[in-house]
Amino acid sequence: MKKWECSVCGYIHVGDEPPEECPVCSANKSMFVELIEEQKPTETAAAPEATSQSPPAVQPAAPLTLPARIYALASGLTALHHLHPIMVHTPNGVVPMALVFLLIGAWFGSSLWATAAWYSLIFVLISLPLVLFTGYVMWQQRYRRAFTPIFKIKISASIVTVVLLLGLIIWWAIQPEIITAPLPGRWIYLTGCFLLVVAVGIAGHFGGKLVFGNRRD
């Protein structure tokens with residue numbers, strides 16, 4: 001049996017032909033490459049004849065600018081220490097907690113719970129640039145900027161997350177009593193926070209599918 005590896009996510013398929021679509025990242029058949037096991041050489045290769053010609057001179061690479069060096073260092077640390085799977089736990093954990101706080105604040109009319117929810121959303125907003133940066137680095141380096149359906153969904157969910165999060169925070173800053181007072185827009189605000197949880201959950205779900213679905217047959 002032949003083995004085929006998805007060049008996007010690393011999924012291994014065993015069979016005479018690669019699958020029409022990767023079951024993990026939805027990459028098409030053309031993205032699979034056949035894995036060929038290395039065989040030990042039966043005969044020792046002859047040593048190349050000595051030559052008097054000197055090897056061609058290697059031109060030194062142009063020095064990187066300071067922003068390029070900072071980006072190279074940050075992206076290298078991100079890939080080395082798997083920072084994106086760590087950072088995504090912030091929105092995945094804090095956003096649902098903020099929704100629970102908002103529901104408690106709305107039910108009891110408690111400004112304490114509502115304020116705790118608002119500061120939780122502020123905390124997510126502060127962490128979001130690092131979440132997005134580490135996600136971009138992983139998409140660029142590990143997944144080769146693949147734009148398969150799973151990445152389209154993840155990117156779309158991330159955009160929705162940013163828009164909803166900014167909208168909820170700005171709304172609260174303009175109308176801080178939106179949860180505790182029986183205002184007409186209270187349920188719209190709560191619905192927006194619920195949709196924020198959905199968007200974060202979708203991005204996290206497909207991210208987990210890429211990581212944990214990368215299994216070998």
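Reader: Which helix gives the most to the nonpolar patch?
Author: Helix α6, residues 186–212. That helix puts in 4 residues. Keep in mind that this is a predicted model.

Reader: What makes up the patch, and what is its area?
Author: Ile153, Phe194, Leu195, Val198 and Ile202 make it. The area is about 390 Å².

Reader: Where is Val198?
Author: In helix α6.

Reader: And why does Val198 count as partly exposed?
Author: Its relative accessibility is 35%.

Reader: New topic. How many aromatic pairs are in the whole structure?
Author: A search finds 8. One of them is Tyr71 with Phe133, an edge-to-face pair. The ring centres are 5.9 Å apart, with 80° between the planes.

Reader: Which parts does that pair tie together?
Author: Tyr71 lies in helix α1, residues 66–81, and Phe133 in helix α4, residues 111–141. So the pair ties together parts 62 residues apart in sequence.

Reader: What is the relative accessibility of Tyr71? And of Phe133?
Author: Tyr71 is at 31%, so it counts as partly exposed. Phe133 is at 25% and also counts as partly exposed.

Reader: What about Tyr143 and Phe151: how far apart are the ring centres?
Author: 5.2 Å. The planes are at 55°, so that pair is tilted.

Reader: Are those two buried or exposed?
Author: Both Tyr143 and Phe151 are buried.

Reader: Which residues do ring pairs link into a cluster?
Author: Trp118, Tyr119, Trp171, Trp172 and Tyr189.

Terms used
Residues numbered from 1 in each chain as written. Predicted model: local features only at pLDDT ≥ 70, side-chain atom pairs only at ≥ 80, totals over all residues. Heavy atoms only, no water. Patch = residues over 30% accessible without salt bridge, like charges linked within 9 Å, V, L, I, M, F, W, Y side chains within 5 Å. Areas by Shrake-Rupley, 256 points an atom, 1.4 Å probe, with all protein chains shown as cover. Salt bridge = Lys/Arg side-chain N within 4 Å of Asp/Glu carboxyl O. Helix = DSSP H or I, 4+ residues; strand = E, 2+ residues; numbered from the N terminus. Buried < 20%, exposed > 50% of the residue type's maximum accessible area, 1.4 Å probe, protein only. Phe/Tyr/Trp six-rings, centres within 6.5 Å; stacked < 30°, edge-to-face > 60°.
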